[in-house]
Amino acid sequence: MRRKFPIKVAAIMRSPWIISLLAALLISSCTGIGPSTIERDRFEYSSAIAESWKEMMLLNIIKLRYGDTPIFLEVGSVVNQYILERELQAIAGFRSGDLIGDGLELGGKGKYSDRPTITYSPLVGEKFYKSLLTPIPPHALFLLIQSGWNADFLLRVCLTAINDLHNSSERRLYTHEADEGFEELLELLTEMQRSGGLGSRLVERQGEKTIIFFRQNLNDEVKNNSERIGELLGLDPAASEFRLVYGSTAADNREIAMLTRSMIDIIAELSQFIQVPDRHVRENRASPGVIDKAASYEEIRSRVFIKSAPSKPDDHFLAVKYRDHWFYIEDTDYRSKRMFSFLLFLLSLAEGGGEGLTPVLTLPTG
């Protein structure tokens with residue numbers, strides 16, 4: 001854009017502010033815009049990526065309830081390029097034979113470009129296997145418990161079985177109640193954790209993970225709980241070190257076998273607690289689920305309650321539209337929000353910690 005301002009040079013000489021303005025414009029044209037964009041772009045892009053991951057996770061949970069195929073699309077890279085060009089022109093014209101200029105021509109032009117380049121890649125092949133099909137590493141669960149995560153919460157969500165004690169399942173083809181011993185085990189582990197008696201550390205010896213329990217200076221109640229945990233798991237009461245392996249059945253009384261769930265297993269379990277419209281269930285578009293099933297407080301806190309409505313709710317933590325309904329998590333449902341956020345953490349944990357898992361098939365004989 002160019003504009004002409006016929007101004008007498010003599011008038012300019014009497015108006016030094018115009019010369020100052022020109023100098024300021026020339027100096028500002030050398031100022032970069034890069035540093036000022038870092039704070040804005042870094043947080044805005046991170047927030048946008050986080051929101052898109054949450055929406056994609058919620059949508060895939062809903063899809064599993066409807067028998068649909070879950071698809072995860074990750075953001076590979078974000079490259080943003082800014083271009084700012086500014087130009088200022090000042091031209092004085094003179095009449096032939098005169099020393100006094102006829103006028104001054106001022107002109108300026110600018111160009112600003114914002115060119116983000118974002119790459120997406122679907123989770124397929126090895127990435128899909130690592131992120132969604134790889135079970136949560138057993139040693140990672142113990143490390144999380146040791147760092148303060150609630151034992152009942154973690155094991156109820158991430159475990160299928162431990163030393164042949166099976167967790168409950170609400171999936172349509174595998175629906176069954178938890179073993180009585182499993183529920184008792186979770187209660188005892190939680191009590192041990194709250195009393196500070198659940199001390200352990202992990203060491204690696206000859207490629208095997210070994211968990212070491214510390215039972216020194218225990219009061220009678222904690223000692224009794226510890227002994228009962230050993231009985232439920234069938235552990236050697238004289239041992240303090242146990243091999244930690246992936247599986248449902250221990251090879252001997254010095255082994256803890258944990259059959260952990262993969263991310264696809266976890267979200268399939270959580271999908272059973274979606275409040276699906278009754279019409280969709282009647283028309284056999286979605287499985288019935290167990291949203292109204294009575295449960296203990298500990299079972300409830302390990303679920304994500306996802307509701308549905310014909311229109312988008314105003315007060316929601318997260319909402320996505322699928323088919324003709326909106327599915328959402330209420331912003332006032334703190335437990336569901338916490339559990340849902342934990343899912344994204346588990347997704348990263350499953351992708352990065354699955355090396356060395358070797359499933360073992362044990363066939364009963366006799």
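Biologist: Which residues of α6 do Leu 141, Leu 144 and Ile 145 in α5 meet?

Modeller: The model is predicted, with local features needing pLDDT of at least 70, side-chain atom pairs counting only at pLDDT 80 or more, and totals for chains, interfaces and linings using all residues. Residues are numbered from 1 along each chain as its sequence is written, and side-chain values use heavy atoms, with hydrogens and water left out. Contact means heavy atoms within 4.5 Å, and helices are DSSP runs (H or I, at least four residues), as strands are (E, at least two), numbered from the N terminus. On the α6 side, the partners are Ala 151, Leu 154, Leu 155 and Cys 158.

Biologist: How are α5 and α6 oriented to each other?

Modeller: Helix α5 spans residues 138–146 and helix α6 residues 151–158, and they pack at about 160° with axes 9 Å apart. Axes are lines fitted to C-alpha atoms, for helices over the stretch in contact, and angles run from 0 to 180 degrees between N-to-C directions. Angles over 145 degrees count as roughly antiparallel. The two helices are therefore roughly antiparallel.

Biologist: In what order do the three strands of the open sheet stand?

Modeller: Two strands pair if DSSP finds at least two bridges between them. The edge strands, β9 (307–309) and β10 (316–322), each pair on one side only. Pairing in this sheet is antiparallel, and the order is β9-β11-β10.

Biologist: Which residue in β11 stands opposite Lys 321?

Modeller: Strand β11 covers residues 325–330, and six bridges join β10 to this antiparallel neighbour. Opposite Lys 321 stands Trp 326.

Key:
Parallel < 35°, antiparallel > 145°, perpendicular 65-115°, else oblique.
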